[in-house]
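Hi everyone, thanks for coming.

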Amino acid sequence: MGPVFIALLIPFLGTALGSAFVFLMKREMPPLVQKILLGFASGVMVAASVWSLLIPAIGMGEGTSAVVFPTIGLLSGFAFLLLIDYVTPHIHSGGQAEGPKSRLSRTTKLALAVTIHNFPEGMAVGVALAGALTADFNVAGAMALSLGIAIQNIPEGAIISMPLRAAGNSRMRAFTIGALSGIVEPLGGLLVLILATFITGIMPFMLAFAAGAMLYVVVEELVPDFSQGKHSNVGTIGFAIGFALMMVLDVVLG
């Protein structure tokens with residue numbers, strides 16, 4: 001069970017690492033570093049969604065059901081994240097929050113948005129792990145997916161802790177709040193694992209649902225951030241490297 005707990009904790013550690021930038025920098029994360037991280041994480045997450053989630057989901061079915069349930073799950077994952085973005089502040093790694101008007105401060109909106117978005121990401125890791133434990137899937141694929149999420153969490157942790165510091169909070173308080181925004185990820189993954197025995201029958205749907213959620217995050221959050229402005233080619237190169245690395249790992253370790 002050691003690798004399982006490690007996979008659950010890795011995304012949270014990514015958020016904590018990003019939050020720790022408040023101890024090292026006075027301002028925001030350098031754009032070049034941010035684009036490299038976002039591009040690489042995007043490539044890893046897309047490849048993991050295909051090889052570790054969608055392909056196993058399709059392989060579990062027979063006949064028409066092999067495609068129908070994964071397709072419904074994939075679209076449901078997109079729809080779920082779209083709904084979350086509609087009812088909560090929308091977060092970009094550039095530090096801007098958009099969404100329904102409220103009296104919440106900008107920093108509070110950032111923390112709220114990141115925290116809410118982290119929960120389904122944690123569930124996606126939990127689903128991949130549940131598949132590995134109950135259906136003899138590749139644990140390495142779940143680990144790689146967890147790593148990809150952790151990498152894209154680094155900028156998210158930074159854009160919470162650094163504005164908090166700028167608003168007058170101590171570095172430790174800013175770090176703590178930023179890091180805690182990621183604690184929902186292992187909780188979401190653990191919840192799925194606890195319910196794993198009850199969702200075995202709908203595992204193809206759940207795996208595809210997790211893939212849809214991950215692909216939504218990539219398309220809506222990560223790609224726009226690394227493909228605009230200066231150094232966009234660096235983000236694209238990072239995507240290619242991340243995708244190729246994840247593909248190789250999944251095939252070799254699978």
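Let me start with a definition: rings of Phe, Tyr and Trp, taking the six-membered ring for Trp, pair if their centres lie within 6.5 Å. With that in hand, here's a case: ring pairs link Trp51, Phe239 and Phe243 into a cluster. Do keep in mind that what you're looking at is a predicted model.

Okay, the overall layout. There are 10 helices and 2 strands in this protein. Going along the sequence, the order is α-α-α-β-β-α-α-α-α-α-α-α. The protein has 254 residues, and 51% of them count as buried. If you take contacts with a separation of 6 or more, 83% come from residues 24 or more positions apart.

Back to the rings. How many aromatic pairs does a search of the whole structure find? The search turns up 6. One of them is Phe78 with Tyr216: the ring centres are 6.3 Å apart and the planes sit at 80°, so we call the pair edge-to-face. That pair links distant parts of the chain, since Phe78 is in helix α3 and Tyr216 is in helix α9, 138 residues apart. Phe78 is partly exposed at 28% relative accessibility, while Tyr216 is buried at 7%.

Now take Phe205 and Phe209. Their centres are 6.1 Å apart, but the planes are at 35°, so this pair is tilted. Both residues lie in helix α9, 4 residues apart, which is about one turn of the helix. Phe205 is partly exposed, with a relative accessible area of 24%, and Phe209 is buried, at 17%. Those two labels differ because buried means under 20%.

Next, the inside. In soluble globular proteins, nonpolar side chains tend to be buried together. Here, the largest nonpolar core has 42 residues, and the ones touching the most other members are Met45, Leu53, Val127, Leu129 and Leu145. Several helices give two or more residues to this core, among them α1, α2, α4 and α5. Which helix gives the most? That's α9, with 14 residues.

Ignoring neighbours within four places in sequence, Leu145 is in contact with Ala48, Leu53, Ala124, Ala128 and Met214.

Let's compare two residues. Look at what's around Thr15: leaving out residues up to four places away in sequence, Thr15 touches Asn118, Asn153, Gly157, Gly178, Ala179, Ser181, Gly182 and Glu185. Thr15 and Gln152 are 137 residues apart in sequence, and their C-alpha atoms are 8.5 Å apart in space.

Now Ile194, over in helix α7. Ile194 counts as exposed, because its relative accessibility is 56%. Ile194 belongs to a nonpolar surface patch of about 610 Å², together with Phe5, Leu190, Leu191, Leu195 and Phe198. Helix α7 gives the most to that patch, with 3 residues.

Notes
Residues numbered from 1 in each chain as written. Predicted model: local features only at pLDDT ≥ 70, side-chain atom pairs only at ≥ 80, totals over all residues. Heavy atoms only, no water. Core = buried A, V, L, I, M, F, W, Y, C linked by side-chain atoms within 4.5 Å. Buried < 20%, exposed > 50% of the residue type's maximum accessible area, 1.4 Å probe, protein only. Contact = heavy atoms within 4.5 Å. Patch = residues over 30% accessible without salt bridge, like charges linked within 9 Å, V, L, I, M, F, W, Y side chains within 5 Å. Areas by Shrake-Rupley, 256 points an atom, 1.4 Å probe, with all protein chains shown as cover. Salt bridge = Lys/Arg side-chain N within 4 Å of Asp/Glu carboxyl O. Phe/Tyr/Trp six-rings, centres within 6.5 Å; stacked < 30°, edge-to-face > 60°.
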